[in-house]
Amino acid sequence: MDSELEPYVTGPIAPSLRAEGRQAFASALLEVARYRELSRQRAAAFLRAVEAAEASANTIRIEPGRAAFVPREDDRTIAELIASFKGERFAAHGLESTERKYRHIFTALELSLGADKPIRAVTREDCRRVKRLLRTIPAHMGKRYPGLSMDVAIERAAEDDDAPLLAPNTVNSYLSNLIAMFNFAIREDWLEKNPASGLVDKDLPTVKRRGFEPHELKTIFGALKDERRADSWRFWIFALALYTGARLNEIAQLRKEDVCVWTGANGEEIPYLSLTLFDATGRRVTEKRLKTHASERNVPLHPDLIAAGFMKFVAGASDERLFPDLKPGPNGGYSHDVSKWFGAFLDRVGLSDPALVAHSFRHGWRDAADVARIQDSLTRVLGGWAAKDASEKYGKRDKVPVLAAEIRNIAYGDFSLGVAA
């Protein structure tokens, strides 16, 4: 109980009465805020008139300002708009679709403007504020910051230097949803004009790459059965990309000596890829390329790769390069023909979504690492992204067991390469 109310209360306050009191106080506070805003606008107009008089003693011109919001008895609030719009969309498209497409914009609206704000009082600047908030939301928020509210997740992402934020196209999609909500209000005669109209940014990329879904992986590797039996690069390069997250050229340029085995004191063996520019004697291999210094790393082999027979494939390789059929492309790397072939292959198997490319394996691996709750510092080491101070120590050969324990958790739903025949 509030101490100020104690002299006037002789017994406990019912929860319903307390809630009614809070609502009445909130409404009164809103009216005070509206009155102050109207007074501010009037004062600003007066000051402009005074400044005009000082500039010209013979003429006083008062510039017309934006009409002040005048409350009406039938005004609907942000919360009421969300509830009504959500109810209509539930009936037409179902709960899952509505939550997936609109959950972020519902939350962003209430965070930015407040649930009690009348929708007729929403200005274009208010909508720009919502847009600015959307641009600070971390991508894959639920996976990266599970259990955190949007405002707390935004704060955490701001502290995480490399936390990816929503892509511009995604922000645009939420702004389109905001426009749809205000158009709904116009149809209901709650609003005269859409304050968010025109806020969607033009000329942004129309495609955002993504990882493969489990059913798409089944299609891909199901169509590669003959390539698998032939131990072709057309199978192994993409199997390695799926379970290591490595870039295509890092895999295409692999040599037999780059497939190493860490042996523990108790005889435990862990096969791994040594993604490096140097050979076993420490000499630079001139035709090898890595994107950055952080790209040089050791990546333990996932159990699915071992079960699928990768080590047997390596043992049977007769050339110093694992994939000798691949020749250097225009840029000097070995992945040019790989990407070109895979693009045509996706079309042949019916996966013509422009968001799917060979690099989608790397996107999917990063997503799988997030789902597996692998520490970000270890994900960066395994994927060859720029390392932070805390992850530098994991780049050495003696840390292979630590990395192997993490990479075993990478999974793609019900998809698996299966055991070698």
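**A first look at the predicted model**

Let me begin with the contacts, meaning heavy atoms within 4.5 Å: among those in the protein with a separation of 6 or more, 67% are between residues 24 or more positions apart. What we have here is a predicted model, in which local features need pLDDT of at least 70 and side-chain atom pairs count only at pLDDT 80 or more, while totals for chains, interfaces and linings use all residues. Residues are numbered from 1 along each chain as its sequence is written, and side-chain values use heavy atoms, with hydrogens and water left out.

Of its 421 residues, 41% count as buried, that is, under 20% relative accessible area with a 1.4 Å probe and protein chains only.

Turning to the strands, strand 1 (residues 259-263) and strand 2 (residues 269-275) run antiparallel and are joined by five bridges, where pairing asks that DSSP find at least two bridges between two strands. Val-261 has Pro-271 in strand 2 as its bridge partner. The two strands, strand 1 and strand 2, form a hairpin with five residues between them, and Gly-267 in the turn has a positive phi of about 90 degrees.

Finally, which helix gives the most to the lining of the largest pocket? Helix 15 does, with eight residues.

Key: Buried means under 20% relative accessible area, exposed over 50%, partly exposed in between (1.4 Å probe, protein chains only). Helices (H or I, at least four residues) and strands (E, at least two) are DSSP runs, numbered from the N terminus.
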